[in-house]
Amino acid sequence: MEQYKQEFIEFMVDCGVLKFGDFTTKSGRKTPFFINAGFYRTGSQLRKLGEYYAKAIKERFGLDFDVLFGPAYKGIPLSVAASMAISEFYGKEIRYCSNRKEVKDHGDKGILLGGPIQDKDKIIIIEDVTTAGTSIGETMPILKAQGDVTALGLVVSVDRMERGQGNKSALAEIEDVYGLKTTAIVTMEEVVEHLYNKPYNGNIVIDDQLKAAIDAYYEQYGAK
């Protein structure tokens, strides 16, 4: 596993973004782990997060694209942080763009904020985590309404590696339905591999009991 992936897993633990316990996802699944990007709260955390996203984007997609689109609301700071990191570390100027939940009818009117989307733009969508793929179904029509644009792919922080609507993972379903390439900074398999029965900051984050709960979850909801 690449060094930046290991660092990112520990970074999520440090920030309280990756939690273990008893949770219920938006889709109603009882899960022993939960990822909440809302816990990235400081300038230094967002700076580091942008760097990890930038590395994952460059590794999977390269830098031949124009816009990084972050769906409202959690995608807004992600698109800003990652576009700044791409500029700083790779010298490529990428426009960030996000949608508003409500169309603005005064001042800077419209549904978008940030850099405008133009004909022939190549776009990468950035999100925190995708469980069922519902937000992509809302995002794609917004992008297509802006003109003759190409959505190249989707990057998320963690691939939960569980079924979406069918038997495939949510990311695999998005690839099939929308023709998007997808990638994640890390997968849950990599998270478990890095943290299981290994001390981190004096603690075992994933012990045998938690590992058994995670295995049971994937027995029920794991992608085929």
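This is a predicted model: local features need pLDDT of at least 70, side-chain atom pairs count only at pLDDT 80 or more; totals for chains, interfaces and linings use all residues.

**Helix contacts and salt bridges**

Glu-51, with a relative accessibility of 21%, counts as partly exposed, and its side chain meets that of Arg-47 in a salt bridge with an N to O distance of 3.9 Å. Leaving aside residues up to four places away in sequence, Gln-45 touches Phe-11, Cys-15, Phe-39 and Tyr-40.

A search of the whole structure finds twelve salt bridges, among them one between the side chains of Asp-128 and Lys-74, at 3.8 Å from N to O. This pair links distant parts of the chain, 54 residues apart, with Asp-128 in the loop between strand E6 and helix H4 and Lys-74 in the loop between strand E3 and helix H3. Asp-128 is buried, at 11%, whereas Lys-74 is partly exposed, at 41%. Asp-148 and Lys-120 also meet in a salt bridge, at 2.7 Å, and here the partners are 28 residues apart.

Turning to helix packing, the axes of helix H1 (residues 3-15) and helix H6 (residues 188-195) come within 10 Å and cross at roughly 85°, so H1 and H6 are roughly perpendicular to each other. By class, their contact has five nonpolar, two polar and three charged residues.

Technical notes:
Residues are numbered from 1 along each chain as its sequence is written. Side-chain values use heavy atoms; hydrogens and water are left out. Axes are lines fitted to C-alpha atoms, for helices over the stretch in contact, and angles run from 0 to 180 degrees between N-to-C directions. Helices (H or I, at least four residues) and strands (E, at least two) are DSSP runs, numbered from the N terminus. Angles under 35 degrees count as roughly parallel, over 145 as roughly antiparallel, 65 to 115 as roughly perpendicular and the rest as oblique. Ala, Val, Leu, Ile, Met, Phe, Trp, Tyr, Cys and Pro count as nonpolar, Asp, Glu, Lys and Arg as charged, and the others, Gly among them, as polar. Contact means heavy atoms within 4.5 Å. A salt bridge is a side-chain nitrogen of Lys or Arg within 4 Å of a carboxyl oxygen of Asp or Glu. Buried means under 20% relative accessible area, exposed over 50%, partly exposed in between (1.4 Å probe, protein chains only).
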